[in-house]
Amino acid sequence: MTEPRYVIRQAHVQAALDKAVSPEVDALNRCLEMVIEIDALERSVPAKLEQLRADAGTETPALSRAAREAVSQSDDARREVDRLLTRRCNRAASAQAVVKEILEVAKGDLKAANMLDNDVGEDEPVKPVYSELYWKKRRLVDSLRKFLADAKG
């Protein structure tokens, strides 16, 4: 299993920065900072969850063979999304086109984060971790939408 990381990488936002005109640079730099922050949080989630479960006295059962295969398929899917998004970002003609590509992936990821956040009970010790991740992703999506709205108007 590969190390978890956010599906939107710094390179994707950098592709937008490379195509940006000067009024767009500040907004894209803020998006880049958010992506870096989300990526760091994504990488720390497994350790945080393990620690919270240990503190609560609940053990995480070993993954079954089917679960390990599902995780492997999920990793493969994430790599494929990364490959396609990288290609689309590199081929885009403008910063706005790159941000549109990033936004499409970010919205899907936000939907999954929202479902996970909603499925975890309020009394679960891991709830704050999932909520923090969801709200950071929400902030990024809102920022990307604002960037596109500002570019139009």
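Select Pro23, Glu24, Ala27, Arg30, Cys31, Gln96, Ser143, Lys146, Phe147, Asp150 and Ala151: these residues line the second largest pocket. A pocket here is an open set of points, on a 1 Å grid over the protein atoms alone, where a 1.4 Å probe fits, with protein on both sides within 12 Å along at least five of seven lines; lining residues have an atom within 4 Å of a point. The model is predicted: local features need pLDDT of at least 70 and side-chain atom pairs count only at pLDDT 80 or more, while totals for chains, interfaces and linings use all residues. Residues are numbered from 1 along each chain as its sequence is written, and side-chain values use heavy atoms, with hydrogens and water left out.

Stay with the pocket. Its volume is about 180 Å³, taken as the space filled by probe spheres set on the points, which are joined across faces, edges and corners. Colour α2 (22–56) and α5 (127–152), the elements that give two or more residues to the lining of this pocket. By class, the lining has five nonpolar, two polar and four charged residues. Here Ala, Val, Leu, Ile, Met, Phe, Trp, Tyr, Cys and Pro count as nonpolar, Asp, Glu, Lys and Arg as charged, and the others, Gly among them, as polar.

Now show the whole chain as a cartoon. It has five helices and zero strands, as DSSP runs numbered from the N terminus (helices H or I, at least four residues; strands E, at least two).

Next, select Tyr6, Ile8, Leu140 and Leu144, the residues with the most contacts inside the largest nonpolar core, which has 40 residues. Such a core is a set of buried Ala, Val, Leu, Ile, Met, Phe, Trp, Tyr and Cys residues joined through side-chain atoms within 4.5 Å. α2 gives the most to this core, with ten residues.

Centre on Leu144. Leaving aside its neighbours within four places in sequence, Leu144 is in contact (heavy atoms within 4.5 Å) with Cys31, Val99, Ile102, Leu103 and Ala106.

Last, select Tyr134 and Trp135. How many aromatic pairs does a search of the whole structure find? The search finds one. The ring centres of Tyr134 and Trp135 are 4.9 Å apart and the planes are at 75 degrees, so the pair is edge-to-face. Rings of Phe, Tyr and Trp (its six-membered ring) pair if their centres lie within 6.5 Å; planes under 30 degrees apart count as stacked, over 60 as edge-to-face and the rest as tilted. Tyr134 counts as buried at 8% relative accessibility, whereas Trp135, at 53%, counts as exposed. Buried means under 20% relative accessible area, exposed over 50% and partly exposed in between (1.4 Å probe, protein chains only).
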